[in-house]
Amino acid sequence: MTTELNTTALAVFVFFFVLVTVMGFVATHWRRPKTLAHIDEWGLGGRSFGIWITWFLVGGDFYTAYTVIAVPALVYTVGAYGFFALPYTIIVYPFVFMVMPLLWQRTKDFGYVTAGDVVHGQFGSRGLELAVAVTGVIATMPYIALQLVGMTAALKALGLHGEVPLAIAFIVLALYTYSAGLRAPALIAFVKDIMIYIVVIAAVALIPSKLGGYANVFAAADAAFQAKGSGSLLLQPNQYVAYATLALGSALAAFMYPHTLTGIFASNSGNTIRKNAALLPAYTLLLGLLALLGYMGHAAGLKLDNANDVVPALFQTLFPSWFAGFAFAAIAIGALLVILFLPTQFALDLQLLDGVWILQTFPALVFGLYTNWFRAPGLIAGWFVGFFGGTLFVWINGLKPLQPVTIGETSFTVYIGVLALVANIFVAAVVNSFMTKRNQPRAH
Amino acid sequence: MDKRFGTAACWLLIIPYIGLLWVPFYNFHDPVLFGFPFFYWYQLAWVPVTAFLTWIAYRSMRNDD
């Protein structure tokens, strides 16, 4: 891959970056409320976002720099196994449909802004609130780091090295988020998602025709996997459980993050969320096709030092440079959006590690919507076991979020996030049943 | 609309979980469709199917708000 400065691509990139920056400052005036001093207005856009804005805002979460860069990179390297992102982003929406309108109603009725607020309101425990809030912050950090990985790959392809371009971008964006609150990322999400849509549609429509069709793309990938002796177009039998638990665990984790919850809380009704659950799979279809860019990398015969370069290298090789610049701008803006959203060796393992963490807030956040049986001490104990137990297992497995399990003759690997969540719920239930027997009053 | 029907329609949303999380259903190469091995087009096909099921569930409980 060339990393020389490419003037045309860079000019297009700068144009769109400036466009987005101007929009960020315009956002201060968009749907302007009487005051931004109220946290509801600044952080949640006044809970007024309808179907379209919510669609762009929430859907955009799955089209970050990380998705566009790392998912194809994983598929490029390991094949079918990396495709778990597709079932993950399908089964997440029925979950959103069933659970998130209830959570939204709770936050609306009581004026909550964060997951910590919800948990404190439900269980009256500062300890549990702290656990949930801190987990949210910790789990978001690797996520932000991932966006930087994606953005660095895009900037590198443009010939921009070092931290200075990155730093300038962040200062500008932090400034207008400070002045406009969630309105800034919501407005930018329109531009960025439309750009990404154009890029993805162009990529999946044009690249295969340049490479001799999808049949040829799959055949080339198969040949490449056999030549290097690892990776495959289908799953190995011992990967089944890992594939399914990764999809399930990621789906349950996806809407526990502070930035995704913000998108939910900012919508204007439970109905908006339900309708979005039916409309958001449109993103998933493109994500699935995007993952196949990894195979197209093989078909194009790319020779890469770093699998994360597969998408930028494909665009550079097969697209005219003005369109490559457009694509990189879309990717880089996607990365920035995540940073904005939050006022505050394989990239994928990092993502799955923070999935292990954030999943441990699931019982505290979701169970209270359905039952009053759980009490704070049980949930704190469960969180403690899940969070630290899960982290320990990830550590033991050499920072891989997968745990090998052998039952009798069969052995398989399981996503540690799911194991830790099961342990979490089990401990919470056991501790809680002891507490309720002694008729423990609600902690306050 | 009848509330019980709304609840029943929500059970439809279990179907994608079964169809996608039981990997032996679809870990095959054949039949190939438009150049895509079965493993790939089967999972992609679940996107419109799931959206449709969600839409049915949505229609059935729209008046609950």
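These legends walk through several close-up views of a predicted two-chain model.

Residues are numbered from 1 along each chain as its sequence is written, while chains are lettered from A and ligands numbered from 1 in the order in which they are written. Since the model is predicted, local features need pLDDT of at least 70 and side-chain atom pairs count only at pLDDT 80 or more, whereas totals for chains, interfaces and linings use all residues.

**View 1. The two chains at a glance.**
Chain A has 21 helices and two strands, and chain B has three helices and zero strands. Helices (H or I, at least four residues) and strands (E, at least two) are DSSP runs, numbered from the N terminus. Follow chain B along its sequence and you get the pattern α-α-α. Buried residues make up 56% of the 444 residues in chain A; for the 65 residues of chain B, the figure is 28%. Here a residue is buried if 20 or more other C-beta atoms lie within 10 Å of its own, exposed if 12 or fewer, and partly exposed in between, with C-beta atoms placed from the backbone.

**View 2. Where chain B touches chain A.**
The contact brings together 27 residues from chain B and 32 residues from chain A. Two residues are in contact if their C-beta atoms, placed from the backbone, lie within 7 Å. On the chain B side, α2 (15-21) and α3 (38-60) each supply at least two residues. The most comes from α3(B), with 11 residues. Sorted by class, the side of chain B that touches chain A has 19 nonpolar, six polar and two charged residues. For this sorting, Ala, Val, Leu, Ile, Met, Phe, Trp, Tyr, Cys and Pro count as nonpolar, Asp, Glu, Lys and Arg as charged, and the others, Gly among them, as polar.

**View 3. Helix α3 of chain B.**
With 23 residues, α3(B) reaches 33 Å from its first C-alpha to its last, close to the 33 Å expected at 1.5 Å a residue. The expected span of a helix is 1.5 Å times one less than its number of residues. Among the buried residues of α3(B) are Tyr40(B), Trp46(B), Leu53(B) and Tyr58(B). The UniProt record (an unreviewed entry) annotates "transmembrane region" over residues 7-26 and 38-58 of chain B. UniProt positions are given in the numbering used here, feature names are shortened, and annotations may be inferred rather than shown by experiment. Residues 38-58 of chain B are 100% helix and 0% strand, and their end C-alpha atoms lie 30 Å apart.

**View 4. The loop between α2 and α3 of chain B.**
Two backbone details turn up here. Most residues other than glycine have a negative phi, and most peptide bonds are trans. In this loop sits Pro31(B), joined to Asp30(B) by a cis peptide bond with omega about 0°. Phe34(B) lies in the loop too, and has a positive phi, near 50°. Is Phe34(B) buried or exposed? Phe34(B) is exposed, because 9 other C-beta atoms lie within 10 Å.

Which residues does Gly378(A) contact, leaving aside its neighbours within four places in sequence? They are Ala428(A), Val431(A), Asn432(A) and Met435(A). Asn432(A) is 54 residues away along the chain, yet its C-alpha atom is 4.8 Å from that of Gly378(A). After α20(A) comes Gly398(A), with a positive phi near 65°.

**View 5. Two helix pairs in chain A.**
Helix α3 (residues 51-59) and helix α12 (residues 258-265) of chain A pack at about 175°, with axes 9 Å apart. Axes are lines fitted to C-alpha atoms, for helices over the stretch in contact, and angles run from 0 to 180 degrees between N-to-C directions. The pair is therefore roughly antiparallel; angles under 35 degrees count as roughly parallel, over 145 as roughly antiparallel, 65 to 115 as roughly perpendicular and the rest as oblique. Thr54(A), Leu57(A) and Val58(A) in α3(A) meet Thr260(A), Gly263(A) and Ile264(A) in α12(A). Helix α5 (residues 85-110) and helix α13 (residues 270-279) of chain A pack at about 170°, with axes 9 Å apart, so α5(A) is roughly antiparallel to α13(A). Their contact includes Trp104(A) of α5(A) and Arg274(A) of α13(A), and by class has eight nonpolar, two polar and one charged residues.
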